[in-house]
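This note sets out some points on the model shown below for a colleague who has not seen it before. Please read each point with the structure in view.

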Amino acid sequence: MLEPLSRDSRLAELLEEVQRGQLVARRLDLESASVTLAPARAGDGLAFDGETLVTVHGPRYRMLMIGAGQLSKYLAQIAVGLDYQVTVCDPRVEYTDTWDIPGVTLVKTMPDDTVIEMKLDERCAVVALTHDPKLDDLALMEALKSPAFYVGALGSRANNAKRRKRLEEFDLTREQIARLHGPIGLYVGSRTPPEIAISILAEITAVKNGVALPDIAQVAVAKEKLGPSTVCATTET
């Protein structure tokens with residue numbers, strides 16, 4: 001569709017809203033060429049019914065990863081391919097000195113400061129990957145208070161249970177703690193860092209798209225309900 005532009009196109013207003021970090025729905029009436037602007041929701045997208053064209057404009061989906069380890073490198077590469085604006089936060093010099101993934105913002109500030117500075121919105125995902133409570137918990141206690149659509153942490157079932165107990169000591173409500181995904185990822189029998197990265201992004205994508213998955217798809221539930229032999233047989237099948 002070609003649209004002749006004029007003062008009535010309201011592009012200057014749209015640009016101002018986008019620069020302020022707002023997500024905006026632009027509605028164009030094809031018969032009158034009139035344009036209206038309104039706040040959009042994270043899941044809104046292009047829509048056309050033959051008479052009205054709606055386009056959504058605003059910031060890209062963002063992903064904050066805590067930790068610059070090997071898993072983060074695979075996760076970041078795939079997330080960039082999915083058009084996320086990726087930021088990796090790690091104050092540990094021994095990890096950041098070897099970071100070499102292009103197209104990703106690397107910051108060396110403390111995780112809680114990074115979360116606050118990024119002003120997370122409902123188009124953001126936060127993934128804690130360091131296995132270090134001093135770093136992961138700092139990020140989580142701030143991220144869980146935010147509108148971020150996904151907040152998750154790597155770790156075993158036992159470690160995640162301990163993490164939830166620790167988070168209760170901060171000024172978080174039960175509802176906020178319940179938002180935490182962990183162990184993160186969907187059960188796909190993943191063992192290597194690339195496979196684990198795919199598992200994590202599969203869960204994030206499902207949450208982003210509002211897809212309700214069966215409990216058995218979750219890592220914790222699958223490992224609890226399926227014995228080792230059953231899990232192996234299912235994977236082979």
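**Points on the predicted model**

1. The lining of the second largest pocket divides into 7 nonpolar, 2 polar and 4 charged residues. Here Ala, Val, Leu, Ile, Met, Phe, Trp, Tyr, Cys and Pro count as nonpolar, Asp, Glu, Lys and Arg as charged, and the others, Gly among them, as polar. Of the 13 lining residues, Q22, L23, V24, P39 and A40 lie nearest the centre of this pocket. Strand β2 (residues 35–39) supplies the largest share of the lining, 3 residues. A pocket is an open set of points on a 1 Å grid over the protein atoms alone where a 1.4 Å probe fits, with protein on both sides within 12 Å along at least five of seven lines; lining residues have an atom within 4 Å of a point.

2. This is a predicted model, in which local features need pLDDT of at least 70 and side-chain atom pairs count only at pLDDT 80 or more, while totals for chains, interfaces and linings use all residues. Residues are numbered from 1 along each chain as its sequence is written, and side-chain values use heavy atoms, with hydrogens and water left out.

3. As a whole, the protein has 10 helices and 10 strands; these are DSSP runs numbered from the N terminus (helices H or I, at least four residues; strands E, at least two). The C-alpha trace spans about 65 × 45 × 40 Å along its principal axes. Of the 237 residues, 41% are buried (under 20% relative accessible area; exposed is over 50%, partly exposed in between; 1.4 Å probe, protein chains only). Among contacts (heavy atoms within 4.5 Å) with a separation of 6 or more, 61% join residues 24 or more positions apart.

4. Helix α2 (residues 70–81) has 12 residues. From first C-alpha to last, α2 reaches 17 Å, close to the 16 Å expected at 1.5 Å times one less than the number of residues. Which residues of α2 are buried? They are L71, S72, K73, L75, A76 and A79. The elements that cover these buried residues include β5 (62–66), β6 (85–89), β8 (124–128) and α8 (193–208). After α2 comes D83, which has a positive phi, near 75°.

5. The largest nonpolar core has 26 residues, and M65, L129 and I204 have the most contacts inside it. At least two residues of this core come from each of β5, α2, β6, β8 and α8. Apart from it lies another core, of 22 residues, including C89, C124, M141 and L180. Such a core is a set of buried Ala, Val, Leu, Ile, Met, Phe, Trp, Tyr and Cys residues joined through side-chain atoms within 4.5 Å. Leaving out residues up to four places away in sequence, M65 touches S72, L75, A76 and A79, and also V86, T87, V88, C89, V127 and L129.

6. Where does I198 lie, and is this residue buried or exposed? I198 belongs to helix α8 and, because its relative accessible area is 52%, counts as exposed. The C-alpha atoms of I198 and Y74 are 8.6 Å apart in space, although 124 residues separate the two in sequence.

7. The peptide bond from G182 to P183 deserves a look: it is cis, with omega near -5°. Most residues other than glycine have a negative phi, and most peptide bonds are trans. Both P183 and G182 are in the loop between β10 (180–181) and α8. With a relative accessible area of 22%, G182 is partly exposed. G182 touches A153, N160 and R164, not counting residues up to four places away in sequence. Between the C-alpha atoms of G182 and S72, 110 residues apart along the chain, the separation is 16 Å.

8. R10 is not a glycine, yet its phi is positive, about 60°. R10 sits in the segment before α1 (11–19) and is partly exposed, at 26% relative accessible area. K119, again not a glycine, has a positive phi of about 50°. The loop between α4 (111–118) and β8 holds K119, which is exposed at 68% relative accessibility.

9. Finally, S34 is placed in the loop between β1 (24–29) and β2. Its relative accessibility of 37% is why S34 counts as partly exposed. Neighbours within four places in sequence aside, S34 is in contact with R27, L28 and D29. S34 and T52, 18 residues apart in sequence, are 10.0 Å apart in space, C-alpha to C-alpha.
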